[in-house]
Amino acid sequence: MKNFFLSTLVATIAVSTSVCFADSKEALSKALTLHASFDSGLNADYSRGDKTCYVTERGKQVQAEPNSDVAIAKEAGRFGNALHFTKKSGYRPEYRGTDVLNYNDKNWSTTVSTWLCLNPDKELEPGYCDPVQIVGNDSKKGFIFLEWSKDETPRFFRYAIRPLFEIWNPENVGWEQIPAAKRPMIQVANAPFASNKWTHVVFTIENANDKSKTQQGKLFIDGKLIGTIQNWDLTFGWNPEKVLLVLGAAYVGKLDDLAVFDRALTDEEVKHLHQLKDGVRELYK
């Protein structure tokens, strides 16, 4: 009798977990706005809007193409191919369109997910490195980025949300001159990156431009919450038509399975996203 009840309990838990995961996948699918697997090039596999990957040259956006600086590494990704930034370069792939990042001046929330593979202390060149940025028409009107610091060994890994310049930097001093605890960022020492493994990174921003609600941003690594940016006025001044998701600013390493969602994912949803066996393509294939 005891074994019967134990078996029934285990089966019930298994079914409940399966249903929960299925519900989470459906919710993730509805929230997805862009996915780039890099299996067929730089353009997105899925997008609510423009699938084209661009690069800015001489002030104009043109279609991005793989080259010696930003190559498609065959079967070297977390899932299939990967985007490989072979050296520090000004060639920065970007995705645009209000349907992708959904930026607006009323209430803006989003999530960006990607996988990274590198040894930061051996592969990155001197200076700051931002594998992923969200930028607008003016960096003083807002700037969101993942970053490796430039001088420390080992380097710090960071997620920063910089709103209007006068909010985060009223004294107009250098980024590194502001004490780490007083910057709108999450700083991680000895983050688990390596050249022989893939690390999943997710960041969120929630209720930007809406002071009536809790404004915050979260950083997750390998499905686990690392920290929260909170108690900041996250007001931006971007032109929605000019907001871009930019990859590979001084980055050297591999990047795979880029995805954007139209809201801040929950902690549990990020965990489920991390556990997708075939990556984000599972959400729409």
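Biologist: Is Tyr-103 buried or exposed, and what is its relative accessible area?

Modeller: The model is a predicted one. Tyr-103 sits in the loop between α2 (98-101) and β8 (108-117). A residue counts as buried under 20% relative accessible area. Tyr-103 is therefore buried, its relative accessible area being 5%.

Biologist: How far apart in space are Tyr-103 and Phe-236, C-alpha to C-alpha?

Modeller: Leaving aside neighbours within four places in sequence, the contacts of Tyr-103 include Trp-108, Asn-209, Phe-236, Trp-238 and Pro-240. In sequence, Tyr-103 and Phe-236 are 133 residues apart. From C-alpha to C-alpha, their separation in space is 9.8 Å.

Biologist: Is Phe-156 buried, partly exposed or exposed?

Modeller: Phe-156 belongs to the loop between β10 (143-148) and β11 (157-162). Beyond its neighbours within four places in sequence, Phe-156 is in contact with Glu-147, Trp-148, Ser-149, Gln-187, Val-188 and Ala-189. Buried requires under 20% and exposed over 50%. With a relative accessible area of 22%, Phe-156 is therefore partly exposed.

Biologist: Which residues does a cis peptide bond join?

Modeller: Most peptide bonds are trans. In this chain, the loop between β10 and β11 holds Pro-154. Omega is about 0° for the cis peptide bond, which joins Thr-153 and Pro-154.

Biologist: What is the phi of Asn-172, and is that residue buried or exposed?

Modeller: Most residues other than glycine have a negative phi. Asn-172 is not a glycine, yet it has a positive phi of about 55°. Asn-172 occupies the loop between α4 (165-168) and β12 (185-188). Because the cut-off for exposed is over 50%, a relative accessible area of 55% makes Asn-172 exposed.

Biologist: Where does Asp-257 lie, and what is its relative accessible area?

Modeller: Asp-257 is a residue other than glycine with a positive phi, near 55°. Its place is in strand β17 (residues 253-261). Asp-257 is buried, with a relative accessible area of 2%.

Biologist: Is Phe-79 buried or exposed, and at what relative accessibility?

Modeller: Phe-79 is placed in the loop between β5 (70-73) and β6 (82-85). Leaving aside neighbours within four places in sequence, Phe-79 is in contact with residues including Asp-39, Trp-115, Asp-257, Leu-276 and Arg-281. Phe-79 counts as buried, at a relative accessibility of 8%.

Biologist: Which residues touch the most other members of the largest nonpolar core?

Modeller: In soluble globular proteins, nonpolar side chains tend to be buried together. The largest nonpolar core here has 53 residues, and those touching the most other members are Phe-38, Tyr-95, Ile-134, Ile-144, Phe-157 and Tyr-159.

Biologist: Which strand gives the largest share of this core?

Modeller: The core in question is the largest nonpolar core, of 53 residues. Its largest share amounts to four residues, and they come from strand β13 (residues 199-208).

Biologist: How many residues make up the other core, which lies apart from it?

Modeller: Among the members of this other core are Phe-220, Ala-259, Val-270 and Leu-276.

Biologist: How many helices and strands are in the chain, and what is its radius of gyration?

Modeller: The chain contains five helices and 17 strands. For 285 residues the globule rule gives 19 Å, and the chain comes close to that value, so it is as compact as a globular protein of that length. Its radius of gyration is 19 Å.

Technical notes:
Residues numbered from 1 in each chain as written. Predicted model: local features only at pLDDT ≥ 70, side-chain atom pairs only at ≥ 80, totals over all residues. Heavy atoms only, no water. Helix = DSSP H or I, 4+ residues; strand = E, 2+ residues; numbered from the N terminus. Rg over C-alpha atoms; globule rule 2.2 N^0.38 Å. Core = buried A, V, L, I, M, F, W, Y, C linked by side-chain atoms within 4.5 Å. Buried < 20%, exposed > 50% of the residue type's maximum accessible area, 1.4 Å probe, protein only. Contact = heavy atoms within 4.5 Å.
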